[in-house]
Amino acid sequence: MAAEGSRAGSASPACPKASLPLAALNVRVRRRLSLFLNVRTQVAADWTALAEEMGFEYLEIRHLEMHADPTGKLLDDWQGRPGASVGRLLELLTKLGRDDVLVELGPSIEEDCQKYILKQQQEESEKPLQVPAVDSSDPRTPERGGITMLDDPSGQMPERFDAFICYCPSDIQFVQEMIRQLEQTNYRLKLCVSDRDVLPGTCVWSIASELIEKRCRRMVVVVSDDYLQSRECDFQTKFALSLSPEATDPHQVQGNEERVPQHPAVHHCL
């Protein structure tokens, strides 16, 4: 008897898997547990005593008696209730003095718990890294609402300019000289230069349309060989012309033999 008590103590419910759900126990362990607890005896606690410890009421226990495997049905019903876990089941069996069950089924319960943990870890490692669903709600952090460096973030006072400069990156030195002569002299004009004034992160076509149509009084086109090959410059020029389609009279550009259409919002600089 002393040896048996020692074995029962070694299989006590101090299991590191105590928080695992009851679903970790496979059918084999459940059936063997039923073999121990389905038998009604006077010397050992059976499934009815376990049901009372689990919090089942009298009528619920009477209903379970109608099943061929009341212990199996008891475990199925209990695992959906709060607090049901492998560790709690082992605690209740210990409380009821069923050390024989713990000694006999302890290794099998431990094996089922290990398999359950490994399966959970494998499923977790196979999950995709990206978020499975796109959250379409409003941004959780405030975002700047303007499109230029000095825009009012609330959108109440958008930054405005005297002229929008349409140019190619290769002509930036000419644009810088234009800035020096028109902004830093007595003219005091305010030019809109994309590389200097426009915030990144928004579609360039949308930004250009907004600036040309609503923010700038004029548009200055820096014509060069690269300008004629630029899709962005082509879009900006055609968009500006589309705002006043009646302006189709040719205009001679000083210093250039090429004739370009005149437009109230378009000037051409060389």
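**Cysteines, cores and a helix**

Tutor: Cys203 is partly exposed, with a relative accessible area of 39%. Buried means under 20% relative accessible area, exposed over 50%, and partly exposed in between, using a 1.4 Å probe and protein chains only.

Student: And is Cys168 buried or exposed?

Tutor: Cys168 has a relative accessible area of 4% and is buried. Before going on: this is a predicted model, where local features need pLDDT of at least 70 and side-chain atom pairs count only at pLDDT 80 or more, while totals for chains, interfaces and linings use all residues. Residues are numbered from 1 along each chain as its sequence is written, and side-chain values use heavy atoms, with hydrogens and water left out.

Student: OK. How many disulfides does the structure hold?

Tutor: The number is 0, where a disulfide is a pair of cysteine sulfur atoms within 2.5 Å.

Student: New topic. How many helices and strands are in the protein?

Tutor: The protein has 12 helices and 6 strands. They are DSSP runs, helices being H or I of at least four residues and strands E of at least two, numbered from the N terminus.

Student: Which residues touch the most other members of the largest nonpolar core?

Tutor: Met54 and Leu89 do, in a core of 28 residues. A nonpolar core is a set of buried Ala, Val, Leu, Ile, Met, Phe, Trp, Tyr and Cys residues joined through side-chain atoms within 4.5 Å. Elements giving two or more residues to this core include helix 3 (47-54), helix 5 (70-78) and helix 6 (86-95).

Student: What does Met54 touch?

Tutor: Leaving out residues up to four places away in sequence, Met54 touches Leu74, Leu75, Trp78, Leu89 and Leu92. Contact means heavy atoms within 4.5 Å. Another core, of 18 residues, lies apart from the largest one and has Ile147, Phe161, Ile212 and Tyr227 among its members.

Student: Last one. Where does Ser34 lie?

Tutor: Ser34 is in helix 2 (residues 27-37) and counts as buried, at 5% relative accessibility. Beyond its neighbours within four places in sequence, Ser34 is in contact with Asp69, Thr71 and Gly72.
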